[in-house]
Amino acid sequence: MDSRTVALIRTTFKAVAAEEGGSETLARSFYSILFTDYPGVRDFFPAAMDAQRDRLVHAISYALDRLEEPDKLLPFLAQLGRDHRKYGVQPAHYVAVANSLKSAIRGCVGDEMWTDEVAAAWDEGLANISGAMIGAADKETSPAAWTGTVVECREVLRNLSIVRLQLENPMEYAAGQYISVQVPSRPRMWRYLSPANPANSNGEIEFHIRSVLGGWVSPAIVSHTAVGDQWLLGAPLGGLGVPRNTKRKMLMIGCGTGIAPLRAQIMAMAQRRVNPKVHLFVGGHHPCDLYDLQVLSQLALANKWLTVTPVTENEENPWWYYDSGEPQVEFPGLEPRMTGQIGKVVAAFGSWADRDVQIVGSPSMVQTTKFRLMAAGTQAKSIRHDPLF
């Protein structure tokens, strides 16, 4: 697309987003039009649409910001296209989505702004986006979805569980990617989880799940998952992964269950003969949130290129955490635990100018840590994180 086309698309979308409640209005209007004009599509979506509406706006915004960066946008769209096969999506569904989205945007900006030139720009942009997704889906030979059986569910904290599954067919994914999952108690409510182990020929996969207050899916997984449950898993997504450059050092920063994709990469690296130095900062609000230190300790002891520094915002555990009264376990091979906000702690070490940086955690944690690192001298191009939605 030429710069004029890109500018017209962005201008109209930003005009909607700039209005108070504009993004929410757009999402509601889009789904209302889609379900009215194409009622058969409703069966693809969950009964509760709140999370789905938010995800739509974020995905559109992410794609529009990268219209002039095909090297970043096309792989992202290809992954989405492969992942959407799990719904049974056909080319006609992409047409329905494009028509409904254009009608929704036109309704938000008004006929005065929605000129023939703007309409043509959106036609071209949406055709390119859907074409990339359809093309990737058509070329894919792997299953549209995988079935996994829960073989272990272990409660680590009252709001955090580790779930291990045995897949019927092994899945190929890069350590660091994430996968959409659907659990039996929440049909059609797909959620993204990052495997905590690299792909393997045995089809074994492990997820770390924290219950989100007010969430629909994560509390159900943590509270009700049982051995023998059948999960569905979509195609892998995400741009994090072990760099091929074995000479450039790495800085990894993960909070809470954000340690999962970083741990998977470290495990994958441990299978190689040569690796760069890696400094991993693992954070949590309280000491008990550092639930995976035993595994990280074993990895650090076995791999001299790995340094692990635990960080907590508070010195003590919360009131609800059960304290047996026994001395705290000290894990060998780890750096002494530090106290403070993780972004501030890491930035205090310096600019990390010689490192490739990966950050995994909540959207607010990722953004705060990224800005602190950039303020300390880290180049933005050296920092990687997955889309924050």
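1. Helices α1 (3-18) and α3 (residues 50-64) have axes that come within 11 Å and cross at roughly 150°. Axes here are lines fitted to C-alpha atoms, for helices over the stretch in contact, with angles from 0 to 180 degrees between N-to-C directions. The crossing is left-handed, that is, the near helix is turned anticlockwise from the far one by less than a right angle. On the α1 side the contact (heavy atoms within 4.5 Å) uses I9, R10 and F13, and on the α3 side V57, I60, S61 and L64.

2. A word on confidence: this is a predicted model, in which local features need pLDDT of at least 70 and side-chain atom pairs count only at pLDDT 80 or more, while totals for chains, interfaces and linings use all residues. Residues are numbered from 1 along each chain as its sequence is written, and side-chain values use heavy atoms, with hydrogens and water left out. The mean pLDDT (the predictor's confidence in each residue, from 0 to 100) is 92 for the chain, and 98% of its residues reach 70 or more. Confidence is lowest in helix α3, at a mean of 80, and highest in strand β9 (residues 306-312), at 98. Helices (H or I, at least four residues) and strands (E, at least two) are DSSP runs, numbered from the N terminus.

3. Which residues touch the most other members of the largest nonpolar core? They are Y31, L34 and W122, in a core of 43 residues. Such a core is a set of buried (under 20% relative accessible area, 1.4 Å probe, protein chains only) Ala, Val, Leu, Ile, Met, Phe, Trp, Tyr and Cys residues joined through side-chain atoms within 4.5 Å. Helix α6 gives the largest share, eight residues. Beyond its neighbours within four places in sequence, Y31 contacts F45, M49, Q52, R53 and L56. A second, separate core of 25 residues includes L262 and L299.

4. Now the sheet: six strands, in the order β10-β9-β8-β7-β11-β12, form an open sheet with parallel pairing (at least two DSSP bridges between two strands). Its edge strands are β10 (338-339) and β12 (383-384). Between β7 (residues 249-255) and β8 (residues 278-284) there are six bridges, and L251 has H279 of β8 as its bridge partner.

5. Do look at the helices on that sheet. Helix α8 (residues 259-269) lies across β7, β8, β9 and β11, at about 145° to β7. Helix α11 (residues 363-376) touches β7, β11 and β12, and its direction makes about 155° with that of β11.

Technical notes:
Buried means under 20% relative accessible area, exposed over 50%, partly exposed in between (1.4 Å probe, protein chains only).
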